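Let's take a walk through a protein chain together, one stop at a time. Have a look at the sequence and the 3D view before reading on.

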Amino acid sequence: MKTLMALALAVGALILVACSSEGGGPAFVRVSEGTLKPGNEIPAPTGDPVVTLSGEVTPNVGDSLEFDRETIESIGLIEYTVDDPWENASVTYTGVLLSDLLEVAGAPSSASAIHLVALDDYAADISLADVERLPIMLATRSDGEYMEVVDGGPTRIVYPYHAYPDLEDAATNDLWVWSIARIEVP
């Protein structure tokens, strides 16, 4: 019985460490475990695609990888509340870890950055070192509601300012890409 309890405590401690920020507090809450894992076949969208990946990924439609809302959320959802620099408000975002998305997509570990392009052609590059170091989110929901294009959806990049206050600067604010059309993996 003591061994089982010790094992349960060790697993709990590992989960807390995995979700911790540099400051020691939780960086995110896991809302749902993923059912879509790296190496699984990713189905073609049955609904409207919410994001398309291109380049060095495993395609499911032509030479690109398209995700509808249901499929992207099957990667596993996380959530955190952050002071959004563009909304000038505290917002609770729900979505997938960008690192989990890239792993499921089959992105090579040799890539150094990804290139994001919004519906209005705004573009930004995010280093994969930051994607691995930080719980950067590809959000699908804002305050519990799915985001529409008029609200900066259906997906957007969210940085964990609540857990990494040193990120709050103009350079990082520019990486909060809204209404993402595609993510290019070189």
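Is S179 buried or exposed? Keep in mind that what you see is a predicted model. S179 has a relative accessible area of 9%, and a residue counts as buried when that value is under 20%, so S179 is buried.

Where does S179 sit? You will find S179 in the loop that links α5 (170-173) to β11 (180-185). Leaving aside residues up to four places away in sequence, S179 touches A118, L119, V149, G152, G153 and T155. One of these, G153, also has its backbone oxygen 2.8 Å from a polar atom of the S179 side chain.

Now let's step back and view the whole chain. The chain has 5 helices and 11 strands, and 43% of its 186 residues count as buried. Its exposed surface comes to about 9,600 Å², with carbon and sulfur atoms supplying 55% of that area. Contacts across the sequence are worth a thought too: among those with a separation of 6 or more, 60% are between residues 24 or more positions apart.

Next, follow β11 into the sheet it belongs to. This is an open sheet of 5 strands, in the order β3-β2-β11-β6-β7, and its pairing is mixed. Because β3 (65-68) and β7 stand at the edges with a single partner strand each, one side of each has no neighbour in the sheet. From one strand to the next, the twist averages 20 degrees. As a general point, strands of a sheet pair through backbone hydrogen bonds, either parallel or antiparallel.

Let's zoom in on β6 and β7. These two strands run antiparallel and are joined by 5 bridges. They form a hairpin with 4 residues between them, and D121 in the turn has a positive phi of about 75 degrees. Across the pair, A113 has S127 in β7 as its bridge partner, while H115 stands opposite D125.

Which residues of β7 lie on its covered face, and which on its uncovered one? A124 and I126 make up the covered face of β7 (residues 123-127), whereas A123, D125 and S127 make up the uncovered one. In a regular strand, side chains alternate between the two faces of the sheet.

The C-alpha atoms of I114 and S127 are 6.5 Å apart, although 13 residues separate the two along the chain. Not counting residues up to four places away in sequence, the contacts of I114 include A124, D125, I126 and L128, as well as I183, E184 and V185. I114 also touches L98 and L102.

How many of the 8 residues of α3 are buried? The helix is mostly covered, with 7 of them buried. L98 and L102 are among the buried residues, along with S99, D100, L101, V104 and A105.

Definitions and conventions
Residues numbered from 1 in each chain as written. Predicted model: local features only at pLDDT ≥ 70, side-chain atom pairs only at ≥ 80, totals over all residues. Heavy atoms only, no water. Buried < 20%, exposed > 50% of the residue type's maximum accessible area, 1.4 Å probe, protein only. Contact = heavy atoms within 4.5 Å. Areas by Shrake-Rupley, 256 points an atom, 1.4 Å probe, with all protein chains shown as cover. Pairing = 2+ DSSP bridges. Polar contact = N/O pair within 3.5 Å; in protein donor to acceptor, adjacent residues only side chain to side chain. Axes fitted to C-alpha atoms, helices over the stretch in contact; angles between N-to-C directions.
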